[in-house]
Amino acid sequence: MDHNDFIVSRIRLARELRGISIAELARRARIDSKRLWYILDGQRQMRADELIRLCAVLGLGLRSFIPPEIEKDLTEQHLQIIRRFKKGS
């Protein structure tokens, strides 16, 4: 699964858990419902502004869209930065 598919699957799950139809989600996020349907079906790429509006409507932070394997890498990089900082002080 590529990162775009991961993001779409998270949005789809959040929408379903909240019991919001695609049409209602599109209305709340001010995205054309046909465009949103194509995005969620994988036929169109999502723009950054659309992702931000969907996050706001669904109450999701952008961090929700980081796959576990990337999260692990970022956490390790963060820990390395902290270790270097502590050695320098």
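This is a predicted model: local features need pLDDT of at least 70, side-chain atom pairs count only at pLDDT 80 or more; totals for chains, interfaces and linings use all residues.
These are my notebook entries on one chain, looked up piece by piece.

**Entry 1: the fold.** I started with the secondary structure. The chain has 5 helices and 0 strands, and along the sequence I read the pattern as α-α-α-α-α. Next I checked how spread out the chain is. Its radius of gyration is 17 Å, well over the 12 Å that the globule rule gives for 89 residues, so I put the chain down as more spread out than a compact globule. Along its principal axes, the C-alpha trace spans about 55 × 25 × 20 Å.

Entry 2: How much of the chain is buried? I get 28% of the 89 residues. The accessible surface comes to about 6,300 Å², and carbon and sulfur atoms hold 55% of that surface. I also looked at contacts with a separation of 6 or more: 51% of them join residues 24 or more positions apart.

**Entry 3: charges.** I counted 18 positive and 12 negative charges in the chain. Their mean positions are 5 Å apart.

**Entry 4: Arg-15.** This arginine sits in helix 1, which covers residues 3-17. Is Arg-15 buried or exposed? Its relative accessibility is 12%, and the cut-off for buried is under 20%, so Arg-15 counts as buried. I then listed what Arg-15 touches, leaving out residues up to four places away in sequence: Ile-20, Ser-21, Ile-22, Leu-25, Leu-40 and Leu-58.

**Entry 5: Arg-30.** I went on to another arginine. Arg-30 lies in the loop between helix 2 (22-29) and helix 3 (33-40). What is its phi? I find a value near 55°, which is positive in a residue other than glycine. With a relative accessibility of 68%, Arg-30 counts as exposed, whereas Arg-15 is buried.

**Entry 6: aromatic rings.** I searched the whole structure for aromatic pairs and found 1. The pair is Trp-37 with Tyr-38, and their ring centres are 5.6 Å apart. Their planes stand at 70°, so I noted the pair as edge-to-face; the cut-off for that is over 60 degrees. Trp-37 has 42% relative accessibility and counts as partly exposed. Tyr-38, with a relative accessible area of 26%, is partly exposed as well.

Note on methods
Residues are numbered from 1 along each chain as its sequence is written. Side-chain values use heavy atoms; hydrogens and water are left out. Rings of Phe, Tyr and Trp (its six-membered ring) pair if their centres lie within 6.5 Å; planes under 30 degrees apart count as stacked, over 60 as edge-to-face and the rest as tilted. Buried means under 20% relative accessible area, exposed over 50%, partly exposed in between (1.4 Å probe, protein chains only). Helices (H or I, at least four residues) and strands (E, at least two) are DSSP runs, numbered from the N terminus. The radius of gyration is taken over C-alpha atoms; the globule rule is 2.2 Å times the number of residues to the power 0.38. Contact means heavy atoms within 4.5 Å. Accessible areas come from the Shrake-Rupley method with a 1.4 Å probe; for residues, only the protein chains shown count as cover. Lys and Arg count as positive and Asp and Glu as negative; His and the chain ends are not counted. The place of a charge is taken as NZ of Lys, CZ of Arg, CG of Asp or CD of Glu.
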